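Me: I want to learn how to read a helix and its packing. Please walk me through one case.

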Amino acid sequence: MAKPGHAWSRAAAEQGEAEEGEDPLDAMIARTGCLEQHRQVQECMAERQDWRHCQAQLRAFGACMARRQQRER
C-alpha cells in the first residue's frame with residue numbers, strides 16, 4: 001500500500017513546483033527520529049478516516065516528538 005503524502009505537497013507536485021522524491025515534511029520529521037510513528041499516524045488516518053480512532057498512534061508520535069524536544073534542551 002502506498003503511504004499517503006501531505007495534501008499541500010501533492011498539490012505542489014501536481015503543479016510541477018515540487019521536486020520528485022521525498023515529501024519535505026517527511027524529510028523534516030525523519031530528522032527528528034519520529035518518522036515511523038508519523039507514518040503509523042498517516043496509515044491509521046488513511047484506513048480509519050477519523051483521527052479519533054488513531055489516538056494510540058497520535059500519542060506515540062507526540063511522545064516521540066516530546067522526547068526529541070527534551071534532548072534538544
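Me: What span should the 14 residues of α3 have, and what do its end C-alpha atoms show?

Reply: The expected span of a helix is 1.5 Å times one less than its number of residues. For the 14 residues of α3 that gives 20 Å, and the end C-alpha atoms are 20 Å apart, which agrees. Helices are DSSP runs (H or I, at least four residues; strands are E, at least two), numbered from the N terminus. Just after α3, Q49 takes a positive phi of about 60°.

Me: What kind of model is this?

Reply: The model is predicted: local features need pLDDT of at least 70, side-chain atom pairs count only at pLDDT 80 or more, and totals for chains, interfaces and linings use all residues. Residues are numbered from 1 along each chain as its sequence is written, and side-chain values use heavy atoms, with hydrogens and water left out.

Me: How many helices and strands are in the protein chain?

Reply: Four helices and zero strands. From the N terminus, the order is α-α-α-α.

Me: At what angle do α3 and α4 pack?

Reply: Axes are lines fitted to C-alpha atoms, for helices over the stretch in contact; angles run from 0 to 180 degrees between N-to-C directions. Here α3 (residues 35–48) and α4 (residues 55–72) pack at about 160°, with axes 8 Å apart. The two are therefore roughly antiparallel. That label needs an angle over 145 degrees; under 35 is roughly parallel, 65 to 115 roughly perpendicular, and the rest oblique.

Me: Which residues make the contact?

Reply: Contact means heavy atoms within 4.5 Å. From α3 come Q37, H38, Q40, V41 and C44; from α4 come Q57, L58, A60, F61, C64 and R67. By class, that is six nonpolar, four polar and one charged. Ala, Val, Leu, Ile, Met, Phe, Trp, Tyr, Cys and Pro count as nonpolar, Asp, Glu, Lys and Arg as charged, and the others, Gly among them, as polar.

Me: Which residues of α3 are buried?

Reply: Buried means under 20% relative accessible area, with a 1.4 Å probe and protein chains only; exposed is over 50%, partly exposed in between. In α3 the buried residues are L35, Q37, H38, V41, Q42 and C44. They pack against α2 (24–30) and α4. Across the protein chain, buried residues make up 26% of the 73.

Me: What does Q37 touch?

Reply: Leaving out residues up to four places away in sequence, Q37 touches A60, F61, C64 and R67. An α-helix has 3.6 residues a turn, so residues three or four places apart point the same way.
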